[in-house]
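Dear colleague,

I am passing on the structure below, and I would be glad if you could look through it before reading my notes, which follow it.

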Amino acid sequence: MAEKMFQVGLLGLGVMGRRHIDAYRSLPGVEVVTRTSARFAHLQDPDALYQAMIEDPELDALDICLPTALHAPLTIAALDAGKHVLCEKPMALTVEACGRMLEAGKRNQGVVLMVAHVLRFWPAYRVLHEAVAGRTYGAVRSARFSRKSGLPSWAPWLLRPEESGGAPLDLLVHDYDQALWLFGAPESATARTVGSPNVIECSLRYPGGLEVAVAGGWYTDNVPFAMEFDLQASEGELRYANDHLQLLRPSAAPTEIALPQEDPYATQIAYFLDCCRNGHSPIECPPESSAKAVELALSISALAQGT
């Protein structure tokens, strides 16, 4: 007898939802069901669609790629219905909402809750993590993360803070999650906005003098999307920009570090599916860490705006 296909209901067909669909299609043994699928196409009201997917006994999991304000209520309802959940980042709009999501995961034993912090599966950032964890290039002296783009015209809801939290949460949460993953919680921080509440520069300070800079946001001019990092260590520097990762050492030419040619979204989703099928907690991307990233993003945003 053929093994039953693992069925995932995908909520949201925007930019991120389409990326997730492409990732699922590259993986074996999984079927993606969306609002355009035959059994849901008649549902025009979004709330009715969401409830129908949550209640559908054939769906094993939900993948939530909707505006951030919907993450907490839909995730909690899906977990309480016995569904595994992959929820797009940021986890939620508030620390309190993240806490309710974590509580729902704990009271529903056997279901998986994972937040889609795809940078944890991005090849260059995984090299960075391994270098810091293994002290590959000696003691870390400083780190810098940058993420910027123009205003997100592809999804107007992102510009409504009550739905997205703005760039300090929606965009920079990636880099705050990296700082927490690599170095833990900072002892102190300084932050400021740069011309707009949606552009922030901050410095996270750690014991021993380590400083981690995070900068970027949504810019009003036509800034192309770019993400970069730089790690300064006692025996070398790792620099990532324009999809290239280089190692720089004193008195030597830069060395290109080869990166695996893989889709990090597919790697992330394959990991989520493996956790679901085998009943494993997502230790590579635990929801508790995702909640801490939201908390740090919100605290830095408040610090930058003097609130």
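A residue is called buried here when its relative accessible area is under 20%, exposed when that value is over 50%, and partly exposed in between. Please keep in mind throughout that this is a predicted model.

With that cut-off, Glu237 is buried because its relative accessible area is 11%, whereas Arg239, at 34% relative accessibility, counts as partly exposed. The two residues form a salt bridge, in which the closest N and O atoms are 2.9 Å apart, and together with Asp230 they belong to a network of salt bridges.

In one of them, the side chains of Arg39 and Asp56 meet with an N to O distance of 2.8 Å. This pair links distant parts of the chain, since Arg39 lies in the loop between strand 2 (30-33) and helix 2 (46-55), while Asp56 lies 17 residues away in the loop between helix 2 and strand 3 (61-64). Arg39 is partly exposed, with a relative accessible area of 34%, but Asp56 is buried, with a value of 9%. In the other, Glu201 is joined to Arg192, again by a salt bridge, and the closest N and O atoms are 2.8 Å apart. Here Glu201 is partly exposed at 34% relative accessible area, and Arg192 also counts as partly exposed, at 47%.

Turning to the helices, I looked at which residues of helix 1 (residues 15-25) are buried, and these are Gly17, His20, Ile21, Ala23 and Tyr24. Seen down the helix axis, they fall within an arc of 165°, so they line one face of helix 1. An α-helix has 3.6 residues a turn, so residues three or four places apart point the same way. The buried residues of helix 1 pack against several elements, including strand 1 (6-11), strand 4 (84-88) and helix 9 (264-278).

Helix 4 (residues 95-107) has 13 residues, which at 1.5 Å a residue should span 18 Å, and its end C-alpha atoms are 19 Å apart, in agreement with that expectation. Its buried residues are Ala97, Cys98, Met101, Leu102 and Ala104. They cover an arc of only 155° around the axis, which puts them on the same side of helix 4. The partners against which these buried residues pack are helix 3 (71-80), strand 4, strand 5 and helix 10 (287-304).

How values were computed. Residues numbered from 1 in each chain as written. Predicted model: local features only at pLDDT ≥ 70, side-chain atom pairs only at ≥ 80, totals over all residues. Heavy atoms only, no water. Salt bridge = Lys/Arg side-chain N within 4 Å of Asp/Glu carboxyl O. Helix = DSSP H or I, 4+ residues; strand = E, 2+ residues; numbered from the N terminus. Buried < 20%, exposed > 50% of the residue type's maximum accessible area, 1.4 Å probe, protein only. Arc of directions from axis to C-beta. Contact = heavy atoms within 4.5 Å. Expected span 1.5 Å × (residues − 1).
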